[in-house]
Amino acid sequence: MSKLFLMSLGCNKNLVDSEIMLGRLSTYEICDEPSKADVLIVNTCGFIESAKKESINAILNLHEQRKKDSLLVVTGCLMQRYQEELMKELPEVDLFSGVGDYEKIDEMILKKTNLFSNSTYLQNENTERVITGSNYHAFIKIAEGCNQQCSFCAIPSFKGKLKSRSLESIVNEVKTLVDKGYKDFSFIAQDTSSYLFDQGQKNGLLKLIESIESIQGIKAARILYLYPTSISKEVIEKIINSKVFVNYFDMPLQHISDNMLKIMKRGANKAKLIELLNLMKQAPNSFLRTGFIIGHPGERDEDFEELCTFIKEFSFDRISIFAYSKEEDTAAFNMEQIPSKIINKRLKTIEKIVDECIESSFKRQVGKKILAFCEGKSSEGDFFIGAKDICWDRNIDGEILINESDCGDLIMGEIYECELLDNIDKKLIAKALRKK
């Protein structure tokens, strides 16, 4: 049996595409060592400068490690965005593809031909995926592309306009995965709250939530990447009242100053954002995640100071901070740029504030009893069992370390009631009380 090594870079939307490729290449033995693989695939990210560099470095490093007569395949966002340039500049690569042909990866390798379809690839219910990294959780991509016009983002230029999967396709996929033992789901897209807008339906997420709630066997679900102008109060309230969807609200704000929100073409002002956030925050056991861009053209000192004050006062649970990345095919590309020295200084200032905010979120959990999925071996080795709060998303929100159990040996993928005893360096120490 031929051996396959696959490296998936970037976001979890890319991970889903990688899992689809693994499904198409099921005749291969998955290999963890590049030097032993007959086929090596890199699913690239091309969102910002740091991600582009990571992708290029990964390609070159794999080329150095590969064995003679192996096949190096590069696909994904970076290739879609810079097709002509990279095909000229990367003679190390044998085959190239973009973002429209994941289901043809087996055909591409067999025929040893490059593929760059112009159409948007959408998964259907017949698509075979190999879920990686978990025996109980799966990401479900509900749409591709984006209709938003944010000044800093190039995604629409290479991913295209929003194109939603059919509700039937999504429901059938979830049912199939539930039958295989999966019970925890995260629904993702570039702009999840615009789901079915392209089909003239403004209540797409409401329909999705109702349909997923009707499937027996799901223990938890959450929706990621909500967009401020397309998320409605009705959807937020639907999530709050759901017995399946946890009160997990992931809405990247990018900024809070009205001046910057206008420059960034975010479509909503500060008052609107705070109104939505307060509605989310009042939900029982709510969990709020967001992200901000620092140093976007036009960001004045007073805009930055307003953002810092806002973060200190609002008490988010998790915050991601990004330095502005100048990207071709964006409105901000030709704007007057802020010197990197100023951006770096602002980053250092805000990272301290964010760190304190996240630390406070962890501290607030100590003493509580929560439900958590057992994830098996922890990042700390055999001394602890790793677990994830049932509300949290996979990998990004933290880790619970269980060092005591009143219910014997813990089983990976099962849910346990846990008492949170302590917080050490943003990791919660817990005792498992009973299996749910």
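## A contact and a strand residue

Two residues are in contact when heavy atoms lie within 4.5 Å. Keep that cut-off in mind for this predicted model.

Take Leu 433. Not counting residues up to four places away in sequence, Leu 433 touches Lys 369, Asp 406, Cys 407, Glu 417, Cys 418 and Glu 419. Leu 433 sits in strand 18, which covers residues 427-435. Now compare Leu 433 with Ile 155. In sequence, 278 residues separate the two. In space, their C-alpha atoms are 45 Å apart.

## The N-terminal region

A UniProt record, from an unreviewed entry, places the feature "domain: MTTase N-terminal" at residues 2-114. Over residues 2-114, the chain is 43% helix and 19% strand. The C-alpha atoms at the ends of that stretch are 21 Å apart.

## An open sheet

Strands of a sheet pair through backbone hydrogen bonds, either parallel or antiparallel. Which kind of pairing is found in the sheet with the order 2-1-3-4-5? The pairing is parallel, and five strands make up this open sheet. Strand 2 (29-30) and strand 5 (95-96) stand at the edges. Each has a single partner strand, so one side of each is left without a neighbour in the sheet.

Look next at strand 1 (residues 3-8) and strand 3 (residues 39-44). They run parallel, and five bridges join them. For Phe 5, the bridge partner in strand 3 is Leu 40.

## Helices on the sheet

Helix 1, residues 12-24, packs on the sheet. It touches strand 1, strand 2, strand 3 and strand 4 (71-76). The direction of helix 1 makes about 170° with that of strand 1.

Helix 2, residues 49-65, also packs on the sheet. Its contacts are with strand 1, strand 3 and strand 4. The direction of helix 2 makes about 175° with that of strand 3.

## A pair of helices

Two packed helices are described by the angle between their axes and the distance between the axes. Helix 8 (residues 204-213) and helix 9 (residues 233-240) pack at an angle of about 15°. Their axes are 9 Å apart. Angles under 35 degrees count as roughly parallel, so helix 8 is roughly parallel to helix 9. The crossing of the two helices is left-handed.

Which residues of helix 8 and helix 9 meet? From helix 8 come Leu 205, Leu 206, Ile 209, Glu 210 and Glu 213. From helix 9 come Glu 234, Val 235, Lys 238 and Ile 239. The residues of this contact divide into five nonpolar, no polar and four charged.

How values were computed. Residues numbered from 1 in each chain as written. Predicted model: local features only at pLDDT ≥ 70, side-chain atom pairs only at ≥ 80, totals over all residues. Heavy atoms only, no water. Pairing = 2+ DSSP bridges. Helix = DSSP H or I, 4+ residues; strand = E, 2+ residues; numbered from the N terminus. Axes fitted to C-alpha atoms, helices over the stretch in contact; angles between N-to-C directions. Parallel < 35°, antiparallel > 145°, perpendicular 65-115°, else oblique. Left-handed = near helix turned anticlockwise from the far one by under 90°. Nonpolar A, V, L, I, M, F, W, Y, C, P; charged D, E, K, R; others polar. UniProt positions renumbered as here; feature names shortened; annotations may be inferred.
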